[in-house]
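Open your viewer and get ready to click along. We will go from stop to stop, selecting a few residues each time.

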Amino acid sequence: MNLLEIQDLHVRVADQLILKGLNLTVEKGSVHAIMGPNGSGKSTLASVLAGKPGYEIESGEIFLDGELLNDVKPEVRAQRGVFLAFQYPVEIPGVSNMEFLKAALDNIAAARGNQPANTVEFMKQVRSIAKTLDLNPEFLKRGVNEGFSGGEKKRNEILQLLLLNPHLAVLDETDSGLDIDALQVVAGGINHYRNTDNGVLLITHYPRLLDHIVPDRVHVLADGVIVRSGDKTLALELEDKGYAWLTD
Amino acid sequence: MAIEDLVPSEYSAGFITDVDSETIAPGLDESVVRFISAKKSEPGWLTDWRIKAYEYWRQQTPPTWAHVHFPEVDFEAISYYSAPKKAGEGPASLDDVDPELIRTYEKLGIPLHEQETLAGVEKKTPVAVDVVFDSVSITTTFKDKLAEAGVIFCPISEAVRSHPELVQKYLGSVVPQRDNFYAALNSAVFSDGSFVYIPQGVRCPMELSTYFRINAQNTGQFERTLIIAEKGSYVSYLEGCTAPMRDENQLHAAVVELIALEDAEIKYSTVQNWYPGDKNGKGGIYNFVTKRGACRGARSKISWTQVETGSAITWKYPSVVLRGDDSVGEFYSVALTNNYQQADTGTKMIHLGRNTRSTIISKGISAGKSQNSYRGLVRTSPAAHGARNYTQCDSLLIGSESGAHTFPYIENMNPNAIIEHEATTSKVSDDQLFLCQQRGIDPEKAVSMIVNGFCKDVFRELPMEFAVEAGKLLEVSLEGAVG
Ligand SMILES: Nc1ncnc2c1ncn2[C@@H]1O[C@H](COP(=O)(O)OP(=O)(O)O)[C@@H](O)[C@H]1O
Ligand SMILES: [Mg+2]
């Protein structure tokens, strides 16, 4: 069974049709890159997969592991293993990162009928992941994303990915705004997360990320539909020619 | 899912106790004041003191400057005295207490038996409790243990008889009878409340607490608390309160006076959870309270911490008069309003002595259609050289139909004083909620987590077991703030 199956998806945001018949299949163990010009609907796709309020499915279906996701609450999708790394992570002042991560982990565990993680073990685990991402452990005491630089916010998203270890990871421009060293750290984190049982939907504007994370498939999104799919060589082609030849 | 969708919150303390009470007919005149005074076998000076207050009150009208709106209170419709009937007279031991009352407090998580602990929380040191039900004190625990340390902790009606010189010296010395409309009313008809005296150099061996419960219908509660900390002494005092759910509004007009002499410290914490009314704003307590502390001695310190989640209307400004040189006043407040609740609360820091310092941290949370105001005064006198105040006043809005307001007043008469004021207003955003949901946390838990984080600086000031309680209370009070 496919991990993710999207059929003829039409999505409306604020009365405007943004996704206009999108089809996509992600198999277990694979990385699919979604590329496309600004405003083509990439973040809209990510949001609708996560169930963000205001993103109305007009028609079409989304299946995760064969189960219809269309009307499932966002937190339940998360509990079933959908993870979204945000393009613009928001701050939650006053709630420490550590506390937030524990709440996330415990709520997901509870929804699956599991015991909450042992606090000491949990803190050890978080600290060790932070280390692999070059995140200063002091960040864990601060408010969620509070006062983080753009790059730190992105690394914090990957920290959450590695800790929560979801079934499907949707990464929305996690590479944007990163310098080359940070890009390598983030790419390393994503590669570490990959296994034969999970899948990655890698949304990116820049082909350079795909030098570090080799995709199984590359799709080009333009004006709410996928206009071209191919293997990783499509990314190289895009690097040469841009998007215009596909969208005109 | 929009934050605006509201459902009623659950008020778990809203039950009514079926107990045989002696309640006087509604209405207030001099004979009612004399009746209350006689009921408590008070000496003549106190009866006169009450009558003076009554005569002043009679000529006054309720204040209207607070940012709250409610129909005029009919003071003739209120009964000014209600007490559960006792089997016999004489000192109330727990055996004399109606078992129905004991069950009431068990339900509320308040231990009347000395070996028990607060609300199921494991504690190493016990808490002494004075329990006030409507107009009378039911029982006070750990009295003997406190007496060993020389600490007096008893109902104020008892202190009037057992320690008249202390009561006469200090009663009304911080909040005079004519202080304001509600303080005058309280001075005329106050029923019970706690009296605390910490002798010189004594560190009170345990936390003291009073638990107030309104039960009877159409009665007001007018408790009076007086705490005196002699030179070099220390006490931490906690106050909690609940009331049944009723459709009518009920009046609560308390007065609390604190006196700290040289090098003494009083820490006063309140968790106020009076019935807030239903989701349509019907019923609930009118909480019109005057609380003030006097730092009389040099280097004395008074610290108010309040968590206000209940009441239909809150009108309350725990204040500190900093007379002693180098004395310190603190006010830490969390005020949460939901549905149609209205709160106008804050503090006054009056700097009279040299090098006096005050800190004000106020966290207001408004949800539903509620209105939440911070009102604070910082005043320095010409003599208050080197006075310092730091005020931080943060508002958090949940949804888009509630209001947050800030009314800071600064009257600085000393050019050397340093007064700092910071204020922020923020909103629990849909994006924050969605981030939490995307990480598997449901919106109600998310809001409670965000609000708890917002209040952290204040909760830190509460005694441990109360901090846990306060966190839980916020969660309950916020129920339905997101749908
Ligand atoms: N919340 C929103 N309200 C209104 N329009 C939106 C909203 N989100 C996205 N859009 C519009 O939808 C289109 C697709 O946007 P988006 O999915 O963010 O594109 P991308 O991520 O590919 O740059 C754009 O025209 C954008 O203006
Ligand atoms: Mg985007």
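This is a predicted model: local features need pLDDT of at least 70, side-chain atom pairs count only at pLDDT 80 or more; totals for chains, interfaces and linings use all residues.

**Stop 1: ligand 1.** Select ligand 1 and show the residues around it, among them A:V13, A:P37, A:T44 and A:Y55. By class, this shell has 4 nonpolar, 6 polar and 1 charged residues. Helix α1 of chain A, residues 42-50, gives the most to the shell, with 3 residues.

Now zoom in on the oxygen atoms of the ligand. A backbone N or O atom of A:G39 lies 2.7 Å from one oxygen atom of ligand 1, and for A:K42 the corresponding distance is 2.8 Å. A polar backbone atom of A:G41 is 3.1 Å from an oxygen atom of ligand 1. How much of the ligand does the protein bury? Taken alone, ligand 1 exposes 560 Å², and the protein buries 62% of that.

**Stop 2: aromatic pairs.** The whole structure holds 21 aromatic pairs over all chains. Select B:F35 and B:Y81: their ring centres are 5.9 Å apart and their planes stand at 80 degrees, so this pair is edge-to-face. The two residues are 46 residues apart in the chain. B:F35 is partly exposed, at 29% relative accessible area, while B:Y81 is buried, at 5%.

Next, pick B:F70 and B:F288, a tilted pair with 5.5 Å between centres and 35 degrees between planes. B:F70 is in a loop and B:F288 in strand β13, so the pair ties together parts 218 residues apart in sequence.

**Stop 3: a charge over a ring.** Finish with B:R375, which lies over the face of B:F407, 4.5 Å from the ring centre.

Technical notes. Residues are numbered from 1 along each chain as its sequence is written. Chains are lettered from A and ligands numbered from 1 in the order in which they are written. Side-chain values use heavy atoms; hydrogens and water are left out. A residue is near a molecule or strand if one of its heavy atoms lies within 4 Å of it. A polar contact is a pair of N or O atoms within 3.5 Å; within protein, one must be able to donate a hydrogen and the other to accept it, and residues adjacent in sequence count only if both atoms are side-chain atoms. Accessible areas come from the Shrake-Rupley method with a 1.4 Å probe; for residues, only the protein chains shown count as cover. Helices (H or I, at least four residues) and strands (E, at least two) are DSSP runs, numbered from the N terminus. Ala, Val, Leu, Ile, Met, Phe, Trp, Tyr, Cys and Pro count as nonpolar, Asp, Glu, Lys and Arg as charged, and the others, Gly among them, as polar. Rings of Phe, Tyr and Trp (its six-membered ring) pair if their centres lie within 6.5 Å; planes under 30 degrees apart count as stacked, over 60 as edge-to-face and the rest as tilted. Buried means under 20% relative accessible area, exposed over 50%, partly exposed in between (1.4 Å probe, protein chains only). A charge sits over a ring if NZ of Lys or CZ of Arg is within 6 Å of the ring centre and within 35 degrees of the ring normal.
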